[in-house]
Amino acid sequence: MRGISKSFGGLRALMDVDLELYPGEVLAIVGDNGAGKSTLIKVLTGVYQADKGEIRIDGKTVQVRSRRDSIDAGIAAVYQNLGLVDSLPAPENVFLGVEPIKRIFGLPFIDNREMRERTIAILRDRVGVSLPNVDEPTRNFSGGQRQAVAIARAINAAELKVLVMDEPTAALGPEETRNTLNLIRAVKERGTSIILISHNLDHVFKVADRVQVMRGGRKAGVAVVANSTRRDVLGMIVGTDVDEDAHV
Ligand SMILES: Nc1ncnc2c1ncn2[C@@H]1O[C@H](COP(=O)(O)OP(=O)(O)O)[C@@H](O)[C@H]1O
Ligand SMILES: [Mg+2]
């Protein structure tokens with residue numbers, strides 16, 4: 001993303017923001033409330049249209065005017081509420097609205113076996129999990145299992161290159177948080193790049209390769225996790241050097 005600007009009425013939510021994402025990396029986006037993190041990724045996922053700027057994928061300019069455009073470009077988001085239908089099992093959720101059809105004596109039927117096999121394959125090959133309860137309603141799933149199904153659905157919706165996760169650990173307890181961070185690593189290791197919005201620097205430092213800091217609608221900087229401390233990143237978030245005792 002290059003030179004992205006976006007205003008809501010008189011409020012300038014994004015000013016000339018760049019973002020680079022490389023294959024196979026987890027890029028975290030951090031920053032205070034209102035810094036423009038969600039708006040930036042909503043421009044990428046076609047929820048909002050930028051007033052100015054350019055999105056390029058593999059060197060080619062793409063027009064992202066809708067969520068469909070974004071999915072067609074290989075980008076999908078998993079939001080905090082996950083958007084699963086709780087009464088349906090995993091395959092029906094993964095294929096919601098795009099069910100495979102088979103014909104028997106010329107009549108169309110949903111191909112449940114195909115749906116189930118492909119769901120299990122996506123979970124195994126792209127998400128790195130095997131769900132013992134794949135046929136149960138997802139309301140019976142743990143938080144981590146539900147997240148895995150939501151990610152599998154995003155992967156199934158697109159030739160997915162980029163998975164966007166906005167605050168995936170915000171509402172989770174310690175164990176579910178650990179599961180989610182493991183899930184992020186597993187998805188990355190299986191070839192999907194990830195943009196992770198988080199306000200938790202501990203989580204960011206556990207799973208991200210780089211961190212982009214947003215401040216007041218601008219890109220404040222980027223840090224390579226392996227060469228940075230939390231204090232470096234915190235300094236960019238607040239825009240000053242912070243004292244030794246500051247903690248996040
Ligand atoms: N749909 C909208 N309408 C009006 N203002 C918005 C809208 N979405 C975001 N904003 C404003 O844009 C700024 C950036 O918001 P946001 O991108 O949600 O920040 P963050 O995700 O970093 O907390 C904030 O001032 C917010 O109030
Ligand atoms: Mg936000």
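Ligand 1 sits among Phe 8, Leu 11, Ala 13, Asp 32, Asn 33, Gly 34, Ala 35, Gly 36, Lys 37, Ser 38, Thr 39 and Tyr 48, each with a heavy atom within 4 Å of the ligand. This is a predicted model, in which local features need pLDDT of at least 70 and side-chain atom pairs pLDDT 80 or more, while totals for chains, interfaces and linings use all residues. Residues are numbered from 1 along each chain as written, chains are lettered from A and ligands numbered from 1 in written order, and side-chain values use heavy atoms, without hydrogens and water.

Several polar contacts (pairs of N or O atoms within 3.5 Å) reach oxygen atoms of ligand 1. A polar side-chain atom of Thr 39 lies 2.6 Å from such an oxygen; for a backbone N or O atom, the distance is 2.9 Å at Ser 38 and 3.0 Å at Gly 36. The protein covers 63% of the 560 Å² of accessible area (Shrake-Rupley method, 1.4 Å probe) that ligand 1 has on its own. Strand S2 (11-17) and helix H1 (37-44) each give two or more residues to the shell, and H1 provides the largest share, three residues.

Elsewhere, helix H4 (residues 112-127) packs against helix H5 (residues 143-157) at an angle of about 100°, with axes 10 Å apart; helices here are DSSP runs (H or I) of at least four residues, and strands (E) of at least two. Axes are lines fitted to C-alpha atoms over the stretch in contact, with angles from 0 to 180 degrees between N-to-C directions. H4 and H5 are therefore roughly perpendicular, a label for angles of 65 to 115 degrees.

Notes: Polar contact = N/O pair within 3.5 Å; in protein donor to acceptor, adjacent residues only side chain to side chain. Parallel < 35°, antiparallel > 145°, perpendicular 65-115°, else oblique.
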